[in-house]
Every structure is written in structure tokens, then in C-alpha cells.
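Work through the exercises below with the sequence and the 3D view open. Try each task before reading its solution.

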4 protein chains.
Amino acid sequence: MRSLEVKNRTSVDDIRSLRLITAIKTPYLPDGRFDLEAYDSLMRMQIFNGAEGVIVGGTTGEGQLMSWDEHIMLIAHTVNCFGTTIKVIGNTGSNSTGEAIHATEQGFAVGMHAALHINPYYGKTSMQGLVSHFESVLSMGPTIIYNVPSRTGQDIPPSVIQTITQNPNMAGVKECMGNERIKGYVDQGIVIWSGNDDECHDSRWTFGATGVISVTSNLVPGLMKELMVQGQNLSLNSKLMPLMKWLFKEPNPIGLNTALAQLGVIRPVFRLPYVPLPLASRLEFVRIVEALGRENFVGDKDVQVLDDDDFTLVGRY
Amino acid sequence: MRSLEVKNRTSVDDIRSLRLITAIKTPYLPDGRFDLEAYDSLMRMQIFNGAEGVIVGGTTGEGQLMSWDEHIMLIAHTVNCFGTTIKVIGNTGSNSTGEAIHATEQGFAVGMHAALHINPYYGKTSMQGLVSHFESVLSMGPTIIYNVPSRTGQDIPPSVIQTITQNPNMAGVKECMGNERIKGYVDQGIVIWSGNDDECHDSRWTFGATGVISVTSNLVPGLMKELMVQGQNLSLNSKLMPLMKWLFKEPNPIGLNTALAQLGVIRPVFRLPYVPLPLASRLEFVRIVEALGRENFVGDKDVQVLDDDDFTLVGRY
Amino acid sequence: MRSLEVKNRTSVDDIRSLRLITAIKTPYLPDGRFDLEAYDSLMRMQIFNGAEGVIVGGTTGEGQLMSWDEHIMLIAHTVNCFGTTIKVIGNTGSNSTGEAIHATEQGFAVGMHAALHINPYYGKTSMQGLVSHFESVLSMGPTIIYNVPSRTGQDIPPSVIQTITQNPNMAGVKECMGNERIKGYVDQGIVIWSGNDDECHDSRWTFGATGVISVTSNLVPGLMKELMVQGQNLSLNSKLMPLMKWLFKEPNPIGLNTALAQLGVIRPVFRLPYVPLPLASRLEFVRIVEALGRENFVGDKDVQVLDDDDFTLVGRY
Amino acid sequence: MRSLEVKNRTSVDDIRSLRLITAIKTPYLPDGRFDLEAYDSLMRMQIFNGAEGVIVGGTTGEGQLMSWDEHIMLIAHTVNCFGTTIKVIGNTGSNSTGEAIHATEQGFAVGMHAALHINPYYGKTSMQGLVSHFESVLSMGPTIIYNVPSRTGQDIPPSVIQTITQNPNMAGVKECMGNERIKGYVDQGIVIWSGNDDECHDSRWTFGATGVISVTSNLVPGLMKELMVQGQNLSLNSKLMPLMKWLFKEPNPIGLNTALAQLGVIRPVFRLPYVPLPLASRLEFVRIVEALGRENFVGDKDVQVLDDDDFTLVGRY
């Protein structure tokens, strides 16, 4: 189902050069549908502050809570509106090879620049199964492989990465297994993005990572860009650490969703199973914003403390 | 789920000015998936020969045989590849109001310029139900209403059109009920496209229609453009009549699918319930091509007579 | 995907012997989901009053407004709850051959006794295409073919019926083309159900039809049973005529939905594009009930006149 | 969407008394569709050998590779064919609360006796989110909670179990976190099934578990029944250990799929990302069968060693 007409096709090398990629949040209307106006606004803030790519429908963007038609629509929408100014990487991975194949074909057909592929979480498989899974989709276009054993229950070991690296579409790895692992890949010439915000400064400047696929940059894109492109900066990294620690108190994107709502840039609507951080954490966020400077955060409203009643939790979506 | 960022938004007046809109064919691979390379090629031929708009996934494009995710993907793909040079009108209509709402929201989110909406075929409804159905989707963007009682089993009467014409997004009507009806609308200032190729010349030049939404233009886009823009031309109209009659011997797109396969511009693959025209008709098509001139048809291979065995019929798609 | 284990399998002859089959209404909750408790109650009334079969998700049951997973679920639910006391005929037809194949496989896998198949409405096809469409599904189990050109835009002619009648799974035809057509089939030994309530008495007693697939029997199942099994009864037929005429003032199931709500056996919830009959017709219904006798109608609450505000119309379902 | 008519409803206490529940394999046809005849045969063997319940579409049954309509269809099919002789527990869990709600409603509507619910794997959530997720579905019917952190990336801690145990529909926990954890629950009166075949003997006879939800019982249902109901039997447990170890050499159901194919009771068809165990392991399986006795395994063909070429791997399903 290949097309040679798709506009703004990106080479694998273009993808390999991205340093700040934001795993963009998907905001919702009170009935649980996407809030595209808020989404567009979040995207504009990313572009304005220097993000070079976005992951659409990643775990941060709650792809796991989308139907595939919503998911592909959001990829196509992002390409249409912003595809000439930022690289659009669709998370078309799945623990079902059948779904991954179908979604990746569709994502490239609507113009995404690259695919993000996860190993089959929850269902898991053998090493040979992992290779077969990735080979089913690698022919379709530039691909980033995502390794996050704390979510998937299974590490993608270097041996698998080395096998699939032979494929010319393999752009690199979003790696969450720490800087030792990252260094090993970099030494072999494999492009790496850190998948852990709190490690990304060292991954980049000490261990050779190319950049980060970041959650924190949803909130402070300018500071994260600075952290990734302007050289080692231990002081900035330290200043960001409290925010990063706060964001991951509970499984992502719980902290992020809470923070964006308090910054007034999204409606305070959660799709279950996500629920807001408790009041104490919401108060703490206000202090973190004040410490880092409101001007470094997205949006221009005063940061506010939301009450429990301000939030809408949607179960049927 | 509105977005103000979508690129190349088109005003209702832009839609109203289109004269040749092609109800574009969807070609298939042997396993029944879309053949996007062939599709792109058909689209380029349309643009090169002057079509100003396309209907994606109309009855001609076999939208009725698509899953909605395929359908929206094809709209998004068309917008991405060709949306700056031709108007992309997505057939996001359905006999289910719920599906029409969802598909139309998605179609506009991925950048389609206008929606084509049919009345609820097969299920049918009352006049008040018709109005409610159309009002559910008209707020979303420029809209063409499609009236084809021979398919839907129910006429959209002028009274319903007059009611919904109040909506500023209402661009006009694709009308198959003949030139009397068309004249009535034109007299009231309602923009009309003929839905019958064999009547469109007269609709345009005698009864005030703006143009045609055409099946025949898949084959001879240049001649259909001439017919619609260069003034009354009874001779050209007569010359085209045998082709038009041939195309509609069986319910569209049976003739069109057969013709495009014989012209070598698509693979000879049909999704059931469509089957090729019989051999006698296939032979007749070759004579029609010779009479009109091969150079007026799309593609550059010799027109050929296909055997029954050359066709692949796909039931599970 | 065949199974030989499915319980209560029914022979084609069993299906052929059914005289009163009700095209059962699907009632809704205020959010547009199915109201299974009301549905179960409607089913019990049918069984109690002698209906021998039901069509699940027909046009009366608004199958055209269901997702396929809802549709198959409702078939499975009906089989589970009532499959030992009434024949469950799933409307697994579609104008997409692919969808018809998939749905029919699923319907038989969950235990439906027979399938109802429509010709491809709206999209239409050639006679050879019709035969290919029906042959794609006939191997799966007992099948009733449904001919209703006023909805589909295309007549299934006797030649097509004669071809597919060769298939041993072909149980018969639900025919809406009148008694002449019916007589022709009966003379050839083809089993026929009338698809028009107002003609069914004569179809049965004068022209040889086996029975009726009825809308009216949703309201007065006992009287319709009497009409179909106790011999010619011109007086009863005349008495029922005003109700039948009233029911079809607007496209079915608009009248039926309105009537059941006024009888208090379903919530007054409509999925668009259906809207209630206007107040004048709602008043008329009360008089019809009084004339025929409340005790002949389903439910035991007083028939009431509902206000416009009593109805909920659901667009997103 | 509640129904009180569903047949063979089961009380929570009935579910709590089950000792051998098999996580039943889903076999495939060469094109990737379900092989219902083979499935029915596997089900009959389970019933004949004393399994008291089955999990339909669990991780063993590859629910993660099914569309929801396939999944619900398989639950409905199992209820229809076998629901009077064995308890049918549908795995209607999901990491999307929206999908879990919809699937669980549908599963109970088609007659499943209980639901199996997993915590949101991969996406994960906070403890409060876990409780909200489970509470969204617990009202619908008898429920088993499944804890398998090695797949989900997140433990369901006792505090969450204690909270949701208040719900009268909570039947118990399928626990994979070991016998210490199990003992703690048993001491509080919470019903437990072991989720680890190699521990289940001790869980049952030393730590108070009620039974096992087993993979191994797909192969040797009679022996597993004996292990669960006839009292402590260290010798049988030791005899089974090599088979259990072999089965979990690679992520389940890779071993199981390979074994059933070699026993000749399913076609050697895998949906990716699963691939067969390598030849050395396939040879080893034959020796295990011989050691345990062919007569203890399902099927009656000779166990055979399959070649790589004997297997069909399906990516598009």
C-alpha cells in the first residue's frame, strides 16, 4: 500500500538528527473526544519553543486509550497542520503484529514522517518473535524502536537491536534502560534518544545520545531545548530535577495531565484509568512553577490549584 | 472537535465555483487493500487534465465497501498528496447519523475541503428526520448534498433543500433528478452539480448548473473539462454519449472498473459485489476507445480486451 | 470458521415452516446504548403471544444504526436468552460483501438459526454480482433473502432467486413486490414471507405465502398470529388496516418507535435520523388503540400521548 | 445495559468454587481466522477431563491479538456450545477503561459467567486509578482480578485488592506473585487461583489457594485436575514439572502453541508475534510426552516433530 506522492517525506537521516522530540499530550473535551483546539495550541507552543519532533499517541499522548481510527486521524491532523515545521512521529506500534502492520501502513499513507514501534507488551514473545514483529513493519518507512521494560514487562536486548539495525529504515532507539546501555549502542553507531527525562542530560552530554523523547518538554519546551542543544549545563539540569521528579511520582501521564490543567492550557478532563494527582501534589506543582519561573512554562494564565470537583473523569470514551 | 489550524481551508464559495469534480475510482491490490500507487497516478491524471475537485470514497470510489478507518485514511492521504492543487471532497455521509457525524468530524480534522452528504439510504426517514440528519453535520464545514433516489429509495424534495440552504455551510446539491428539478433550484440561487453524465451538458448550458460530479471524467478528464468550461458543444456531447451509455449499462462503478482495467491504469481487481462487465461489453469498450481516440483517455498503454481469468474478485476485504 | 457444536441448530425446513416472524424493535437507553431489559421484555411478549421467529437488527430493529459488534452481540444475546423457544434470524446482510461474509460467519458462530440477506442497497450491482454476493454467504447456514426495492433501489428479479434457490440453505424470500410476484414464486415451490403487513393476509390465504415478517406484530402479536394461522379472516384484516396504515405513514420504524413509547413498553429514545411522529399522529394512535382494544397491544400501562419534550433524540451513538 | 434474562447466570460463589480453570488456546485457520472446529474439540477435551472453567481470550488464548468483535464472538460461541457444562470466564479486561467497560457489558450480555480483569498494563496508572478502573466494571457481574506484574509492569498491591474486595461481585484473584502473597490473601478470606502452574500444587495444598488458572491443563487436563482435587501429591507434581518448565521456556503461549500443533490437535498456524519453539525444543517435547505417557495428553494422534516449514506464520489478521 506504498505511495510515492506523500508530501514532506523525511529521510532516515533527518529523523536521526532530531534532538528534542516531545511526546505530546492529547487533550480532551468534557465528553472524552479530542479537544483539537487545545491540541493545536499545545503543538504551536512546541514549535515556537524549538521542539523538532513530536510523538503522536505515545503512552504520554494516551494512544493506549484511543481507537485506531482516532489515532490515525490525530496523526493525519498533526501532519496536515504542522508537518512542514516539525517532524511527526506516529506511535503506530502495538502488541498485536496485525494491528501494528495496519496502523503503520495507514500512518505512512497519511504522511507521518516516522513510526515509533514498541515490542509486544503484555503478550510478550521470544527473541525470534521480536525480530519477526519489527521486520513486519520496518519496510514501511523510518522507524524508532522504543524500549521501556518497566511498561512492557520485557527488555529488548542489544542482540535484537543489532539484528534489526541492518534495516536501512531503522533510525534509532528510544532507550529507557540507562546510560550504560546507551553508551554501548552509541559506541556501535546506533542513534539513541533517552526515554528518561531525569537522565537525558547525562545521556546526551556524557554518553553520546542524540537527544531525548521527552514528557517534561510538554511543560517547559524552551528549557528542554536548551538542555539538549546548548552543551552540558549541570545547573539547568539540577534546576529541572524537582519538576521531573514531580512529574513521575505516579505513572506518566498522570502528573503531566494534572500540570497542564493547572497551567490552564487544557481542560481538566481525564480519560480513565488516569486520575489527577492529589491536592498535596497539586499544591506542590504551584511551588515548582514559581521556583522555575512561570514564564518558562507553556501558556500565559496564572498557575492555579484545582479542586477535586474541577476535574471530569470519563469512563466511556 | 473543531480545529482552526487545518491547512488550505476552503470557503464555501470556492466549493461553489467548481465545475468539474471527479468521483474518483479506488483501485485495489490483489488482496483487496488499496493500491495507493495506482490511486496517486489516477489523481495526477485528473489534475493534469483539469479536474477541479474529487469526491473521495463516493459510490464510484466504493466508499460503501470501505471500513471507516480506510475511508478517512484515503481522504487524509488525498489531502496530503494533492490538497494544494485540487479540492478534496470526502464522502462522509452515511445512513447512520452517528456514523456521519463521526466521519465528518474526522474528515474535516484531516483537512478535507468539503463533505458530501447523502440522505439516509435504505433505512430512510421522515422529512423532519432528513432535516435533523443534515443539520447534525452541516455545522462542521462546507457541504454538498447528494440526491440520488434510484440508489437511496427516497427523494430529497426541494422543501428539505430549501430548509437546509439557510445554513451558510451549504454549498449546493449534486442532483440526479433531472433538469427540471435543477432549473428550479438554479432559479432560487442554489448551486447545482449534475449527477448524471449524460445530462450534464444540458444541465450546465441550458439549465444553469454549475458543473458536474462525474464518473466519465475518470476516463476522459480532458474532454469532460472541455464540456463543462468551453461553452455549449453539442458535437462533443454527442461524441461522448456512447461512452456514457456504455458506462452505465450496469450499476456504476462496474463499467468504470472494467474500463480502467482495460486501459491498463489499474489492476483488474474487484471487491465484491462488483464483477466485471461480460466479454461482449469489454470488446465494445475497445471500439468506443478507438472511436473517441485513445489519446483522450487516461493512461498510455494500448487498450486491451481482458479475459475472465485476468480478473481477481475479492470477497474478504 | 464452521462449528458443529452450536446448540439448537435449525434445519432449513424448520425455518421454512415459520408463519409469524417479528422484525423486532431495538429499544435504547437515554445515552443511545441498547436497553436490554426493555428488549427482553419485548421478546417475552412476542413469545407469549405466539411469534415463531424474530429478525434481529433488521431495518425495523435499526441494524443500519448499529456497529457490527453491537449487532452481533444483540444476536448472541437473543440466542442466549430466547433461542430455545423462538427462532432467531440475524440480519447479517450488508451492501458490502466483505461485511456480509464476516457478520454472517459471526452470527452463525454465536448460534443464530438463520440469516436474513439483502441485496447490495445503495451501491447496487449487476445480476451476476447479485448472485456472487448471495453465494458468498449461502454456504454458511439457512438463509432468507429479502427483496425491498423501495429501500434498496434495485429489484431482485425472479431469475436471480431461481439461480440461488438451487442452494440447499436457501429457505425462502421475504418479498415486498406484491402478490403477483409472490404467486409466481409459490407456484415454483419457493417459500415466501410477505414483507408488507397490509398485504400479508391476502398473500397468505390467497397467494400461497407461508407467512409474514411483520412490523405490526411488535404491537399486536396475538392478532397477527391469528391472522397468519387461523385461516382467512377478512374482518380481522380490515380491523387491523388502520393500524397498519398509521404505522407506515412515515418510513418504518418511525411509527413503530412512536407507538411503543406511547404504550409505555420502551423509553421514548430515538437514534437519529429517526424522529417521532408529530403530535397529531400521536393523538391518532391513541384512538387506534382504543378502537382495536388496549388488551390486544403489548404492555399493560395506559396508552399515553407524549409531548415533544418527552422524547430524547440521540445523534452520537 | 443490564439483562436479567441471560441463561445459566452464575453466582459469585459458584465462581469461587472452581478449582481447575483452563486458559484455553485459540486455534487458527491458515488465513488467521479462528478454527472453530479445532476450538470446539479442545473445549470438549477440557470438559471430558474435568476442567470446571475456561478463560476465553486470555493471554494464553491470545486475546491481545483479537479484534473486540472476534473476542466477544468467541465468548458468545463458547457460552452457546458449552455454557451449561463449564463456566465461561471472558477476559474482557483492557488497559483502556473505555474498552474494558464496553467489552464487559457485551460479554455479560452474551452470557459469560464471569469476567477476568487485568490492571492497565503498559499504560499503568496510580493506585487510585486502579481502583477507579476496577470499579468501572465490577458492578456488571462476577469478576476475577488478574495480577501478573511480569506482563503488566505493575503490581496490584494487597491494599487495592482489599478495597475492591468490598464489592460483592469480586470473586477472587488470579495471583502470580507467589505463595507468600497468596497466603496473606487466604488468611483474609480472599479466594485465590494460582497463575503459575509450577507453583500451583503448593499454592493449593500448603497456602490455601482454591485452584489454578492453568496453561498446562490445555495439554494434560486430567493430570491437572488430579493435582487440584485429589489432595497433596508431590510425586505427580514432580512428574509434571519438566513439562511445566518446558512450556514456559519462552513467553506463553509459544510453548503451548508448539505443543498442541505437535500433538495434532490444532493446525500449526501462529499469529505473529508468536513463532514456534526451535527444533531442539520440539524434539524435547516428544521426549516429555513419552515420559509422561501419550495417553495423558489431549488428542489421539502420535506426537510428531514438526519441521520449520510445517508452520504458517500470519502477520495480517
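The model is predicted, with local features needing pLDDT of at least 70 and side-chain atom pairs counting only at pLDDT 80 or more, while totals for chains, interfaces and linings use all residues. Residues are numbered from 1 along each chain as its sequence is written, chains are lettered from A and ligands numbered from 1 in the order in which they are written, and side-chain values use heavy atoms, leaving out hydrogens and water.

**Exercise 1. The barrel of chain D**

Task: State in what order the strands of chain D close into a barrel, and find which helices named here pack on the sheet.

Solution: 
- Helices (H or I, at least four residues) and strands (E, at least two) are DSSP runs, numbered from the N terminus. Two strands pair if DSSP finds at least two bridges between them.
- In chain D, 8 strands close into a barrel in the order β1-β2-β3-β4-β5-β6-β7-β8, with parallel pairing. On average, neighbouring strands of this sheet are turned by 25° against each other, direction ignored.
- Take one pair: β2 (residues 53-56) and β3 (residues 87-90) of chain D run parallel and are joined by 4 bridges. Within this pair, D:G53 has D:K87 in β3(D) as its bridge partner.
- Helix α3 (residues 68-82) of chain D packs on the sheet and touches β2 and β3 of chain D (contact means heavy atoms within 4.5 Å). The direction of α3 makes about 160° with that of β2(D); axes are lines fitted to C-alpha atoms, for helices over the stretch in contact, and angles run from 0 to 180 degrees between N-to-C directions.
- Helix α9 (residues 197-205) of chain D also packs on the sheet, touching β7 (192-194) and β8 (211-214) of chain D, and its direction makes about 170° with that of β8(D).

**Exercise 2. The barrel of chain A**

Task: Give the strand order of the closed barrel in chain A and name the residue opposite A:G90.

Solution: 
- Chain A has a closed barrel of 8 strands, running β1-β2-β3-β4-β5-β6-β7-β8 with parallel pairing.
- Strands β3 (residues 87-90) and β4 (residues 114-118) of chain A pair in the parallel sense over 2 bridges. The residue opposite A:G90 is A:A115 in β4(A).
- Helix α10 (residues 221-229) of chain A lies across β1 (20-23) and β8 (211-214) of chain A, at about 155° to β8(A).

**Exercise 3. The interface of chains A and D**

Task: Describe the contact between chain A and chain D by residues and by area, then list what the side of chain A is made of.

Solution: 
- Count residues: 43 of chain A are in contact with 42 of chain D.
- Take the area: about 3,400 Å² is buried between the two chains, and carbon and sulfur atoms give 56% of this. Buried area is the accessible area (1.4 Å probe) that two parts lose on being put together, summed over both.
- A:Y122, A:R151 and A:P273 supply 22% of the area that chain A buries against chain D, more than any other three residues.
- The rule finds 2 salt bridges across this interface (a side-chain nitrogen of Lys or Arg within 4 Å of a carboxyl oxygen of Asp or Glu). The side chains of A:E105 and D:R316 meet in a salt bridge at 2.7 Å, N to O.
- On the side of chain A that touches chain D, α4 (97-109), α5 (127-138) and α6 (149-152) are the elements that give two or more residues. Helix α5(A) gives the most, with 6 residues.
- By class, this side has 17 nonpolar, 20 polar and 6 charged residues. Ala, Val, Leu, Ile, Met, Phe, Trp, Tyr, Cys and Pro count as nonpolar, Asp, Glu, Lys and Arg as charged, and the others, Gly among them, as polar.
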